[in-house]
Amino acid sequence: MALTIDQYISKTLKDADQYIHDVLEGRIVTSVWIYLAVQRSQQDREREDIYFDENAVRRVYEFFSFLRIKKGSEYAQFILSPYQAWMLYEIFGWFFDDGRRRYRYAVLYTARKSGKTVFSVGIELYMTMYDREKDPEAYLCATTKEQAGQGLKYVKSIIGESLSLRRRLKVQQYQILYPKRRGLMKVLANKPDANDSLNPYVYILDEMHAHKTLDFFNVMKSGTLSRANPLGIITSTAGFNKEYPFYKMVDLGRRVLEGNAEDDITFYALFCLDDDDNVEDSSVWIKANPNIGVTINLKDLEAEWKKAKNTITEKFNFITKNLNRYVDQPNTWIPDDDYKPCFNAVQLPKERIPAFIGIDLAATRDLASLVIIFEDPETQRLKVIPEFYFPQNEEKRVRQNGINILDWIEEGYVIEHPTKTIDQNLIVERIKYWNTIFEVTQINYDKWNSGFIIPTLEMDEGLYCRNFSQTTVYFNFPLRYIEKCIFEQSIDLSDNPVLRWMFRNIVIYKDGNGNIKIMKNQSQDSVDGAVSLAMAIGAYLENNSDIVKSIFDSYINEKE
């Protein structure tokens, strides 16, 4: 049964007050940054230039009592978690002595699935409808319109479950109107120039870690200067790139809370592990996941961690996204000791079976590669056959680490072409040969320098070829599948030392959403064999499992 307005306000005030005392007295596990944030508020009560207004907080709680959100398969009254009650208490309770609200910004830094999105859009609804502002403009901002649209989806679901909200708000496809005060709520993508004329009253910058610059934030911030009590809500988990501005934003928050920097108008709620916490110790995970027991199950997290530890990128992804810690990742993709057992000799099949090819021809004066993938019909193990091609180029024979390509040419691991550039006619002949050994089902290729070979294979040989975009969208799933196979030792990568050398050269790039690809221009040396392998794996995944295919296709369609 839903609480009445008075019951809701009374309970939420009590929860916020209890949370403050529990943090200060050490009865709940929190990071030092949350302790300092609570302590900051207590010390600020001694100041004469600001004051705390509990009635303003009560009004916010009153509005939240009307909201119904999805819990499991049903909708129910939005009962704020104690940490959420505390954040509203701080954000909306403090005022300068001239009557303006103190906090113009709120940085909400938590791990995934802590309820920050629905909480933030609840704030936007409050400020659009209940904060007594004329012509309020509310914006849901993100790196892409689709990402910001998730927030709009939450808003629409909340409105749909409340009769009083439905009567007052006009829901449209990309925006929501509040006619009584000429207010609107709208989705925005990261296009600062197009948003320069806005006059926001409240805005959410979601997943700020993925923003490469502060351009979007600065445009929104400058647009609020004519407002007396605006609010910018910056929400995010940790990211993968410390050079992006959000990492510096979190660092500033830490220095402010420590008393080593001044920022009197930003509320910082940094829910993360402390620097000396052991990620293996699940008892401290609540520091980054304050909603454990509400939106997150600790046992589920522990099970995910046990699984994630089996692969390097998944391990770092869990630490970053589920434990909310920036991690300095190693340059290498998979340690040599892990993939070494998979470099076994590969025997050709006894009969003609399906195979999949990846081709990387990006270099014309250096190594090029072709990789064939097939599944052993008896063991179901994946088998890899790599081929490497090298032109007459003495300058490139000796590599940066002293390896001489000539040695591999003499041992038969690299096919040397008699020309000064890669001879694509010879590669066509090799593919024609492999098509007599296998049924070549699909060829994935990098379109760079493929203008001759692909039309020839398609028109003359009737082979199906697909351009494999060199982006994280395409590479993420195949690379993670290779990781899985290596750690399960369910793949034979051949006994070709060139491919193993290329594995050691790999440097992985990870985008703001945790998707990965091989960085050709920043790897230690040639990696075209590994790139070809990933493209061949992509073709294999698309054709060999309905389950994997559906995941792969839906992933690509979603990201494109």
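A disulfide is a pair of cysteine sulfur atoms within 2.5 Å. The model discussed here is predicted.

**Cysteines**

By this rule the model has zero disulfides. Cys342 is in no disulfide. For Cys342, the nearest cysteine sulfur is that of Cys485, 8.5 Å away. What rules out a bond for Cys485? The closest cysteine sulfur to that of Cys485 is in Cys342, and at 8.5 Å it is too far for a bond. The cut-off is 2.5 Å.

Are these two cysteines buried or exposed? Cys342 counts as buried because its relative accessibility is 0%. Cys485 is buried too, because its relative accessible area is 3%.

| Residue | Relative accessibility | Class |
|---|---|---|
| Cys342 | 0% | buried |
| Cys485 | 3% | buried |
| Asn496 | 6% | buried |

Where does Asn496 sit? Asn496 is in a loop, with strand E19 (491-492) on one side and helix H17 (497-505) on the other. Asn496 counts as buried because its relative accessibility is 6%. Its side chain has a polar atom 2.8 Å from the backbone nitrogen of Val498. Beyond residues up to four places away in sequence, Asn496 touches Phe343, Pro386, Phe388 and Tyr413.

**H17 against H18**

Helix H17 packs on helix H18 (residues 528-544). The angle is about 95°, and the axes are 7 Å apart. Angles of 65 to 115 degrees count as roughly perpendicular, and H17 and H18 are therefore roughly perpendicular to each other. Which residues make the contact? H17 supplies Leu499, Met502 and Phe503. H18 supplies Asp528, Gly529, Ala530 and Leu533. By type, the residues of this contact are five nonpolar, one polar and one charged.

**Arg254**

Arg254 belongs to helix H9 (residues 245-258). Which residues does Arg254 contact, leaving aside neighbours within four places in sequence? They are Trp33, Leu270, Cys272 and Asp275.

How values were computed:
Residues numbered from 1 in each chain as written. Predicted model: local features only at pLDDT ≥ 70, side-chain atom pairs only at ≥ 80, totals over all residues. Heavy atoms only, no water. Helix = DSSP H or I, 4+ residues; strand = E, 2+ residues; numbered from the N terminus. Buried < 20%, exposed > 50% of the residue type's maximum accessible area, 1.4 Å probe, protein only. Polar contact = N/O pair within 3.5 Å; in protein donor to acceptor, adjacent residues only side chain to side chain. Contact = heavy atoms within 4.5 Å. Axes fitted to C-alpha atoms, helices over the stretch in contact; angles between N-to-C directions. Parallel < 35°, antiparallel > 145°, perpendicular 65-115°, else oblique. Nonpolar A, V, L, I, M, F, W, Y, C, P; charged D, E, K, R; others polar.
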